Amino acid sequence: MLRLQRVEPSAALTADRATYQDRLIFHTPEWLAFVAECQRAEPVLATVSDGDTTVGHFTGLLTRRYGLRILGSPMAGWTTSYQGFNLLPGISRRDALRALTGFAFDELGCAHLEVRDRGATEADFAGLGLRWDSAPTAVIDLSPDEDALFGAMAGACRRNIRKAAKSGVIIEEAEPDPAFADEFYDQLRDVFAKQNLVPTYSVERVKSLIRHLAPAGRISLLRARDGDGRCIATAVLPWYHRTMYFWGGASYREHQHLRPNEALIWYALRWARARGVTEFDFVGANSYKAKYGTVEVPVPWARHSRSPLIAGLRDTAKRAFALKQRTTARLTRFRAPEPASRR
């Protein structure tokens, strides 16, 4: 049987975790520092042992809600795609998940657990007492050459990329500074306003992400400018090991006819491929992503609570957040907006 044991961060631990082939950016110290800062959470690192042999690692964060201890790996709303386990080849994720529930509820004293592991399947959760939702993601294999990648896109997508180029849209790599975060967030507000909503996080989260990842060289920030030099779209793209992630993209509605969003993604795919990245993960499976030639990968999001009451509190909190977002958007529409800076 596998066993989880909490350990303290150290250089040796970080070095060992970096040897696992299933490692993700969401397991790195820089990413954990970002989430801990924004969510006021405490990182939890644990080794996975089979007898006296370490066969893997677990990554999560402890937080409190309604006075209850919660272990998220991750939690919804953390703008973190997956955490879960790093395991040696041949080690059962199902056995690791079974050990995780005891670790969370007995050793850490948690009332609620959530986990989304990139390598887990629905079959891994069967019979373990966890509830799960299907949360697939859309990915692109970057192994083919550029002509093959371009050819795998829908015809309309290819035409939009060509239109952007003919319209004078230029993609540039931005400096990792607060000014970029402000540009991105101003455009993000415009994206959400189209749906009568407001962003689900503040500009400070964007600045925190850049501040923690940029020194390690683990984030690409792209800006699209029109023929007059105005910034009309942006993209935030963390990357590490073999994968680049689409953390966020935004554009002004009035300039979307120039198709800057497709141009940004096409630039990002080539940029990542040139650096040895073999997978582009859109972090979610919205229908519009299929035009880029994606493949849908299932990644179940599982949860377990000590009692049905706690499970109900979790669902109530989710509905309350959605209501708050809609209400805030309505109130915002009554305020006179300040002119946006559109460089």
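## The surroundings of V236

Residues up to four places away in sequence being left out, V236 touches F180, F184, L209, I219, S220, L221, Y245, F246, W247 and G248, where contact means heavy atoms within 4.5 Å. The model is a predicted one, in which local features need pLDDT of at least 70, side-chain atom pairs count only at pLDDT 80 or more, and totals for chains, interfaces and linings use all residues. Residues are numbered from 1 along each chain as its sequence is written, and side-chain values use heavy atoms, with hydrogens and water left out.

## Nonpolar cores

V236 is also named, together with W31, F184, V206, L209 and W247, among the residues that touch the most other members of the largest nonpolar core, which has 40 residues. Such a core is a set of buried Ala, Val, Leu, Ile, Met, Phe, Trp, Tyr and Cys residues joined through side-chain atoms within 4.5 Å, and buried means under 20% relative accessible area, as computed with a 1.4 Å probe on protein chains only. Two or more residues of this core come from each of helix 2 (29–39), helix 7 (178–193), helix 8 (203–213), strand 10 (219–225) and strand 11 (231–240); helices (H or I, at least four residues) and strands (E, at least two) are DSSP runs, numbered from the N terminus. Helix 7 provides the largest share, six residues.

A second, separate core of 33 residues includes C157, L269, V277 and F280. In soluble globular proteins, nonpolar side chains tend to be buried together.

Strand 6 runs parallel to strand 4 (residues 68–73), to which four bridges join it, and two strands are taken to pair if DSSP finds at least two bridges between them. Within this pairing, I70 stands opposite H112. Four bridges also join strand 6 to strand 16 (residues 301–305), here in an antiparallel arrangement, with V115 opposite A302.

## N160 in helix 6

N160 lies in helix 6 (residues 155–166) and is buried, with a relative accessible area of 15%. Its side chain makes a polar contact (a pair of N or O atoms within 3.5 Å, one able to donate a hydrogen and the other to accept it, residues adjacent in sequence counting only if both atoms are side-chain atoms) with the side chain of R259, at 3.3 Å. Neighbours within four places in sequence aside, N160 is in contact with R259 and E262.

Definitions and conventions. Buried means under 20% relative accessible area, exposed over 50%, partly exposed in between (1.4 Å probe, protein chains only).
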